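Here are my notes on this model. Please read them with the structure open.

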Amino acid sequence: MFKSAWQFLANVKVTLYLLFLTALNLVIGALYIKFCPDIFRPLNQMLFQEWFNAYRTGKAWWIFFLFFLLALLGINTFVCTLERLTALWVRRREYSFKRFIIMISPSLMHIFFLVALSGHALSIFVGDHYEVPLKTGDTITLPPFTLKIKEIRPLFWEHPLLKNSLKQCIVALDLKASTQTYAKEISFLHPFCFQGWRLNLDMSQKSKPGEASGFRLLIKRDSGAKLILLGGILLSFLMAWYFLNLNQNKQER
């Protein structure tokens, strides 16, 4: 039974079916997100289990199915990679060292993909997420540091056609950790990171001139960020090296 299951999971056709089902599932999920934004948008600011406890809904079936498909895809990728690496390792003496590295590079890429995928899984289920409304003079206390909101400066477009439309917002902060205080500024699309925490500026409603009540600070400690970054960087460098060497081999021939 184990051998049959292993052979099934090592089949590349299974990979193609899983990729197709995952793509189809994501299309369905995109439609749910589009037509039910109030339910699914908070997923960006919450751990999955926290979100599901707050928004228990049957409309989340596609997310559970997505987790199932990605888990199967990860297992399938691992089994296929192990099978190929085992076969190549037995024949390693038939090739030069460089040729052998080139041949195992696609399998190493799959391993780095799994590293990044595991990082995403950690980001979804493990970590700390805080959503704090901003008001000048407030102090936000977190376990590793405290933040004092010194100034909230919304900027608006001056063009007549864009009257009262928010262009940008700059928030000046005093970040105090241990005995040191750091002056920081944060704005839309310009977050900053500190000791593994990531701070993003967001808004919950349209702001009018002189009003800052709609601005909020998203504070997140992402447990999987390092794995995602590591897997992505190694995968990118290995792909570049692999295709560069393939082109050189073709030119030499």
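**Notes on the predicted model**

1. F125 sits in helix α6, which covers residues 97-125. Keep in mind that this is a predicted model.

2. F125 belongs to a nonpolar surface patch of about 270 Å².

3. Next, the strands. Strand β1 (residues 127-133) runs antiparallel to strand β8 (residues 215-222), and seven bridges join them. Y130 stands opposite I219 of β8.

4. Strand β8 also pairs with β7 (residues 197-203). This pairing is antiparallel too, over seven bridges. Here N200 has L218 in β8 as its bridge partner.

5. Which residues have the most contacts inside the largest nonpolar core? They are L134, I140, F145, L147, V171, L199 and I219, in a core of 23 residues. Two or more residues come from each of β3 (146-156), β4 (166-177), β6 (192-194), β7 and β8. The most come from β4, which gives five.

6. Beyond its neighbours within four places in sequence, L147 is in contact with D138, T139, I140, L173, D174, L175, L199, L217 and I219.

7. Another core lies apart from the largest one. This other core has nine residues, including W51, A60, I63 and L66.

Note on methods: Residues numbered from 1 in each chain as written. Predicted model: local features only at pLDDT ≥ 70, side-chain atom pairs only at ≥ 80, totals over all residues. Heavy atoms only, no water. Patch = residues over 30% accessible without salt bridge, like charges linked within 9 Å, V, L, I, M, F, W, Y side chains within 5 Å. Areas by Shrake-Rupley, 256 points an atom, 1.4 Å probe, with all protein chains shown as cover. Salt bridge = Lys/Arg side-chain N within 4 Å of Asp/Glu carboxyl O. Helix = DSSP H or I, 4+ residues; strand = E, 2+ residues; numbered from the N terminus. Pairing = 2+ DSSP bridges. Core = buried A, V, L, I, M, F, W, Y, C linked by side-chain atoms within 4.5 Å. Buried < 20%, exposed > 50% of the residue type's maximum accessible area, 1.4 Å probe, protein only. Contact = heavy atoms within 4.5 Å.
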